[in-house]
Amino acid sequence: MTGSGSAASSAARALARRGLRISLAALLGLAGVYVLALRFTPVELRQGPAQKIFYLHVPAAWSALIAFSLVGVTSALYLWLHDPRLDRFAASSAEVGVAFSAVMLTTGPIWAKPIWGTWWTWDARLTLTLFLFFLFIGYLALRASVHDPEERARFSAVVGILGMLLVPFIHLSVYLFRTLHPQPVVLKPSAPSLPPEMLRTLLLSTAVFTLLYVGLVTLRYALALAEEARDEAADAA
Amino acid sequence: MAESLRLALAVAGKDIRAELRSRTALLSAVVFAALVLVVFNFARDPTALAATDLAPSVLWVTFALAAMVALNRAFTIEREHGALDGLLLAPLPRGALFAGKLLANLAFVGTVEAVTLPLFVLFFNVDLWRALPGLIGVTALATIGFVSVGTIFSAMAVRTRFAELMLPVLLLPFMVPPLIGAVQVTSRLLAGRPLSEMLGWLRLLALYDVVFVTLCTMTFSAVVDE
């Protein structure tokens with residue numbers, strides 16, 4: 001093993017420890033959110049207990065959106081600066097984004113079935129988030145199928161940038177598509193104005209999910225560093 | 001600018017000549033499109049759904065699938081015998097190279113669409129004559145957008161494992177906005193609706209073309225240059 005290789009892997013270990021600490025703190029916070037949401041937040045009058053899922057669903061969507069936006073921004077920056085750290089970050093953020101998207105896409109239908117009467121509807125926001133998920137998956141599939149790290153970084157940066165610009169187009173076209181047709185009024189999600197106790201729980205949960213995002217991305221970034229150190233050591237040997 | 005256009009046309013001309021000499025890819029793509037139309041006819045319940053109600057969707061899903069097959073070929077021909085290296089060594093701005101590949105792909109996909117359209121009329125008994133100029137216009141508008149994204153993705157896909165699978169997974173989400181717009185405009189054209197009802201969709205399609213042709217031209221060098 002070369003000197004720089006072991007230095008890199010010890011840096012990766014230190015970063016992994018930090019990521020683990022942040023993630024554990026976030027998971028503890030998540031337990032707090034559960035208690036707060038179930039025990040100390042009032043039950044919504046019309047939706048009943050089903051509304052509780054809101055405190056997981058919305059923050060997960062928030063984290064997925066952050067993850068996705070940062071993939072787009074770091075991709076654009078990568079093509080400009082060619083800094084491998086940007087590429088590593090984009091890859092980590094995309095993987096964590098898939099996890100949060102999956103939470104969002106599973107909690108959504110569970111809530112929608114009792115409240116809207118259907119698991120799924122082709123509403124603009126739903127379609128948009130589904131496509132975010134598909135774009136993430138495509139991005140990761142591309143990364144997995146390119147061997148050369150430098151080439152992988154360039155290709156995925158291009159997909160990241162194009163994907164970021166696709167999102168408004170999908171939103172706009174689905175929005176136009178739906179509004180030109182009559183919609184069942186029951187399915188229409190109305191913007192609720194929250195009482196302070198509910199807002200407090202939501203904000204805390206959003207903070208916890210943001211922290212979880214930071215923790216998981218840090219862990220994933222450390223893993224990417226360790227993988228690179230291993231590959232370099234294998235090449236040197 | 002004129003020089004770039006000349007170079008782009010030279011690249012496109014090379015691709016089109018190569019295709020015309022063998023004709024295998026073009027023929028296969030046309031046969032594929034015809035088969036998709038046939039499959040669609042049997043995939044519906046004729047007692048429940050009239051062919052004309054389904055026509056715009058059938059037409060556009062067929063176009064999209066045929067374009068996918070056609071785009072897979074765009075850079076596979078460059079992979080053989082290091083042809084792409086030759087192109088990259090030529091004193092050729094990357095923008096002109098992209099424009100050339102895009103034009104060749106548009107010619108290829110356009111030909112497949114032009115052959116599919118009469119077959120569509122034949123199989124689905126749609127009265128197209130009045131709507132034909134509009135239909136050609138919207139087809140061009142929608143095709144330019146997704147073929148542009150498809151061109152850059154096919155340049156990437158040939159360098160990956162599972163190239164034939166990678167292109168659809170990457171490209172299909174990008175086909176959604178042009179496809180929604182094209183289906184909406186097509187069904188209004190076939191129903192003889194006034195232009196004002198399609199204007200919003202046409203604007204969206206045009207905006208998509210401008211954004212993605214520009215973006216793909218700008219990022220193309222990041223895909224091909226080491």
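This is a predicted model: local features need pLDDT of at least 70, side-chain atom pairs count only at pLDDT 80 or more; totals for chains, interfaces and linings use all residues.
Colleague: How many Å should the 31 residues of helix H5 of chain B span, at 1.5 Å a residue?

Modeller: The 31 residues, 94-124, should span 45 Å, and the end C-alpha atoms are 43 Å apart, which agrees. The expected span is 1.5 Å times one less than the number of residues. Helices here are DSSP runs of H or I with at least four residues, numbered from the N terminus.

Colleague: OK, what comes just after H5(B)?

Modeller: That's B:Asn125, with a positive phi of about 55°. Over in chain A, helix H3 (residues 84-116) is followed by A:Gly117, whose phi is also positive, near 85°.

Colleague: And how far does H3(A) reach?

Modeller: From first C-alpha to last, H3(A) reaches 46 Å with its 33 residues, close to the 48 Å expected.

Colleague: Switching topic: at what angle do H6(B) and H8(B) pack?

Modeller: About 20°, with the axes of H6 (132-157) and H8 (199-224) 8 Å apart. Axes are lines fitted to C-alpha atoms over the stretch in contact, and angles run from 0 to 180 degrees between N-to-C directions. That makes the two helices roughly parallel, a term for angles under 35 degrees.

Colleague: Which residues meet there?

Modeller: Among them are B:Ile144, B:Val149 and B:Ile152 in H6(B), and B:Leu205, B:Asp209 and B:Phe212 in H8(B). By class, this contact has 17 nonpolar, four polar and one charged residues. Ala, Val, Leu, Ile, Met, Phe, Trp, Tyr, Cys and Pro count as nonpolar, Asp, Glu, Lys and Arg as charged, and the others, Gly among them, as polar.

Colleague: How many residues of chain A are in contact with chain B?

Modeller: 25 residues of chain A are in contact with 26 of chain B; contact needs C-beta atoms, placed from the backbone, within 7 Å. H5(A) gives the largest share of chain A's side, 16 residues. That side divides into 20 nonpolar, three polar and two charged.

How values were computed. Residues are numbered from 1 along each chain as its sequence is written. Chains are lettered from A and ligands numbered from 1 in the order in which they are written. Angles under 35 degrees count as roughly parallel, over 145 as roughly antiparallel, 65 to 115 as roughly perpendicular and the rest as oblique. Two residues are in contact if their C-beta atoms, placed from the backbone, lie within 7 Å.
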